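Please open the model in your viewer and keep the selection tool handy. We will go from stop to stop together.

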Amino acid sequence: MRFWAALLSAMLMLTIGSLWVYSSYENQVGSIGPVFLQPVERQGNVTSLSTVTANTPTSSLVEASCNGNGIVEVYDVITGEQVDKHAVYGHARYQFILPHEGDYLIINNGTDKLTCSFRFIKNYPTKPVQNALYISGSAFAILLAFIVWRWGR
């Protein structure tokens with residue numbers, strides 16, 4: 001019974017500790033900009049890009065505020081996947097999610113100039129970390145039910 005009590009206590013501390021870690025950095029706000037994004041220039045076989053690179057240590061909710069005319073595109077540097085795309089005509093304020101930790105590339109794929117600022121509003125645990133928390137929480141609940149059931153006998 002001591003083994004089960006020790007295991008149950010360890011899992012309880014793991015769950016509480018994980019929640020405490022995420023609550024400590026969840027509201028840490030960062031920002032990029034304002035930055036000037038030149039439009040993509042194509043001349044024959046040559047393409048000229050004006051880019052901004054953003055790095056996030058976790059999944060983040062980002063608020064963008066842009067002035068000018070163009071198309072703001074955000075790409076994951078590692079996978080090359082497009083994360084977000086917004087057309088801007090005059091002024092636009094919108095939000096998007098950076099799905100995981102890493103570097104992201106921000107470009108203006110329009111025909112006119114843009115000035116943008118990006119503010120990281122909220123940080124979230126990534127999907128694998130959330131899955132690990134859910135699995136450990138479920139195991140904790142099952143173990144607790146088992147101990148309560150055995151104690152009642």
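Residues are numbered from 1 along each chain as its sequence is written, and side-chain values use heavy atoms, leaving out hydrogens and water.

Start by colouring by pLDDT, the predictor's confidence in each residue from 0 to 100. The protein's mean is 78, with 83% of residues reaching 70 or more. Where pLDDT is low, the predicted coordinates should not be read in detail.

Next, select V72, F96, I106 and F118: within the largest nonpolar core, of 21 residues, they touch the most other members. Such a core is a set of buried Ala, Val, Leu, Ile, Met, Phe, Trp, Tyr and Cys residues joined through side-chain atoms within 4.5 Å; buried means under 20% relative accessible area (1.4 Å probe, protein chains only). Elements giving two or more residues to this core include β5 (59-76) and β7 (102-108).

Now move to L8, F140, L143 and I147, which belong to a second, separate core of 5 residues.

Finish at D76 in strand β5. Is D76 buried or exposed? D76 counts as buried because its relative accessibility is 4%. Its side chain reaches the backbone nitrogen of I78 at 3.0 Å.

Conventions
Predicted model: local features only at pLDDT ≥ 70, side-chain atom pairs only at ≥ 80, totals over all residues. Buried < 20%, exposed > 50% of the residue type's maximum accessible area, 1.4 Å probe, protein only. Helix = DSSP H or I, 4+ residues; strand = E, 2+ residues; numbered from the N terminus. Polar contact = N/O pair within 3.5 Å; in protein donor to acceptor, adjacent residues only side chain to side chain.
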